[in-house]
Amino acid sequence: MISTIKRYAVGLGAFAAGAVALLASTCSAAGTALITLPTTAVADLTGNASEIMTDVWVLVALAIGIPMGFYIIRKVIALIPKH
């Protein structure tokens with residue numbers, strides 16, 4: 001089963017590489033680009049990521065902190081000997 005999945009993944013990767021090569025050769029032959037991005041595209045994308053993280057960090061802290069708090073409480077209670 002795993003070898004079948006690996007074979008499929010290798011075949012899919014080869015197909016994707018061939019498609020990209022065909023697209024690149026077509027674009028270079030025509031002399032035009034299919035997609036043009038502004039010069040500030042990278043800065044715009046990374047700027048939004050930092051803004052999202054400043055808004056989401058409270059939710060991430062709660063998602064990690066609440067289960068960790070229950071885990072620590074359970075371990076502390078387990079330290080107390082039972083009668």
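Analyst: Let's start with L62, which counts as partly exposed because its relative accessibility is 46%; buried means under 20% relative accessible area, exposed over 50%, and partly exposed in between, with a 1.4 Å probe and protein chains only. This is a predicted model, where local features need pLDDT of at least 70, side-chain atom pairs count only at pLDDT 80 or more, and totals for chains, interfaces and linings use all residues. Residues are numbered from 1 along each chain as its sequence is written, and side-chain values use heavy atoms, leaving out hydrogens and water.

So where does L62 sit? You'll find L62 in helix α2, residues 41–79 (helices are DSSP runs of H or I, at least four residues, numbered from the N terminus). Helix α2 bends by about 50° at V56, the bend being the angle between axes fitted to the seven residues ending there and the seven starting there.

Terms used
Helices (H or I, at least four residues) and strands (E, at least two) are DSSP runs, numbered from the N terminus.
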